[in-house]
Amino acid sequence: MSHGSTAHGPLAQAGAPATTPPRAPSGGQEYDLPEPPSKVDFSRAKTAGEIPRLKVTLRVRRYQPEVTDEAYWEDFPLTMLGTDRVLDALHTIKWEHDGTLVFRRSCAHGVCGSDAMRINGRNRLACKALLKDLNPDEPVTVEPLQGLPVEKDLIVDMEPFFQSYREIMPFLITRGHAPARERLQSPEDRERFDDTTKCILCAACTSSCPVFWTDGQYFGPAAIVNAHRFIFDSRDDGGDMRLEVLNDAQGVWRCRTIFNCSEACPRGIKITQAIQEVKRAVISRNV
Ligand code: SF4
Ligand code: FES
């Protein structure tokens, strides 16, 4: 599929004078086609190496259970590009310094939620944390998420997190027969739960919650956010069941409105507000 990046696409048409490309002569004769005019002034471009580099020490919390029972810190002095992220630094360590370092990542672009970790004491996605924003003059600390069992290095066991997620039934529940066409919804009804659809299940919120740290029994912000997404969906008929699940000793009432979750969320979801809305819905059962 063409996206207009060729000399014959919209970009070229917008910037180039209309010229008729020379016809290829018959008989297989070759000649050079003229370069299409470029919008970029390459005479001002310098070399790729001019991206500023920075020296940074990544201080990584290591846990290698097959080697030692104790977790420990290890420093990795690195020279990185000024545009690099913590994920790039972790790749550099793994690929060039120590292949035993393990961490999760997939998309590398803030979409899959698999590389949430504690960076300089705050939960973030490694693929969204730019080194230059983290004061590289000091060692940048990288630790696994808190409140979940560490399996190895930066990898935690996510099962307790996903157990709570499963319990709130994160799928559409309807009564009656399936309709012959799609279930319609007004833009206003869709807007009602728009914010909580943005969750990527990274666990940055739940693992930043002191209530979750105490015993790991609290459902946690992420499960409530995902319950909210369906409770306030006008097409869903399972709201009461989810509210009953969350009206539990380990449910919404354990939230102490500390706001750690909202600050940690890489998607900017207003988590504390969503939890408050679910609390009100439990009381009113008005969904
Ligand atoms: S609500 Fe935000 S922080 Fe929590 S799991 Fe979803 S995306 Fe991550
Ligand atoms: S690797 Fe997918 S969100 Fe960071």
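Student: If two residues are in contact when their C-beta atoms, placed from the backbone, lie within 7 Å, which residues in H6 meet which ones in H9?

Tutor: On the H6 side they are Pro221, Ile224, Val225, Ala227, His228 and Ile231, and they meet Ile271, Ala274, Ile275, Glu277, Val278 and Ala281 in H9. Helices (H or I, at least four residues) and strands (E, at least two) are DSSP runs, numbered from the N terminus. This is a predicted model, in which local features need pLDDT of at least 70 and side-chain atom pairs count only at pLDDT 80 or more, while totals for chains, interfaces and linings use all residues. Residues are numbered from 1 along each chain as its sequence is written, and chains are lettered from A and ligands numbered from 1 in the order in which they are written.

Student: What classes of residue make up that contact of H6 with H9?

Tutor: The contact of H6 with H9 has ten nonpolar, one polar and one charged residues, where Ala, Val, Leu, Ile, Met, Phe, Trp, Tyr, Cys and Pro count as nonpolar, Asp, Glu, Lys and Arg as charged, and the others, Gly among them, as polar.

Student: And at what angle do H6 and H9 pack?

Tutor: The angle is about 60°, with the axes of H6 and H9 9 Å apart; axes are lines fitted to C-alpha atoms, for helices over the stretch in contact, and angles run from 0 to 180 degrees between N-to-C directions. H6 and H9 are therefore oblique to each other, given that angles under 35 degrees count as roughly parallel, over 145 as roughly antiparallel, 65 to 115 as roughly perpendicular and the rest as oblique.

Student: How do H3 and H6 pack, then?

Tutor: Their axes are 9 Å apart and the angle is about 25°, so H3 and H6 are roughly parallel to each other. Phe161, Ser164 and Tyr165 in H3 meet Ala222, Ala223 and Asn226 in H6, and by class this contact has four nonpolar, two polar and no charged residues.

Student: How many residues of H6 are buried?

Tutor: Eleven of the eleven residues of H6 (residues 221-231) are buried, so H6 is largely enclosed by the rest of the structure; a residue is buried if 20 or more other C-beta atoms lie within 10 Å of its own, exposed if 12 or fewer, and partly exposed in between. The cover over H6 includes helices H3 (159-167), H7 (239-246), H8 (260-264) and H9 (271-284).

Student: Switching to ligand 1, which residues come nearest?

Tutor: Of the 16 residues around ligand 1, Cys199, Cys202, Cys205, Ala222 and Cys265 come nearest, a residue being near a molecule if its C-beta atom lies within 6 Å of it. H6 gives the most to this shell, with three residues, and the shell as a whole divides into 14 nonpolar, one polar and one charged.

Student: Where does Leu201 sit, and what is its phi?

Tutor: Leu201 is in the loop between H4 (187-191) and H5 (210-215), and its phi is positive, about 55°, although Leu201 is not a glycine. Leu201 is partly exposed, with 19 other C-beta atoms within 10 Å.

Student: What does Val140 touch?

Tutor: Not counting residues up to four places away in sequence, Val140 touches Val56, Leu58, Arg59, Val86, Ile119, Asn120, Leu131 and Leu134. Val140 lies in strand S5 (residues 140-143) and is buried, with 20 other C-beta atoms within 10 Å.
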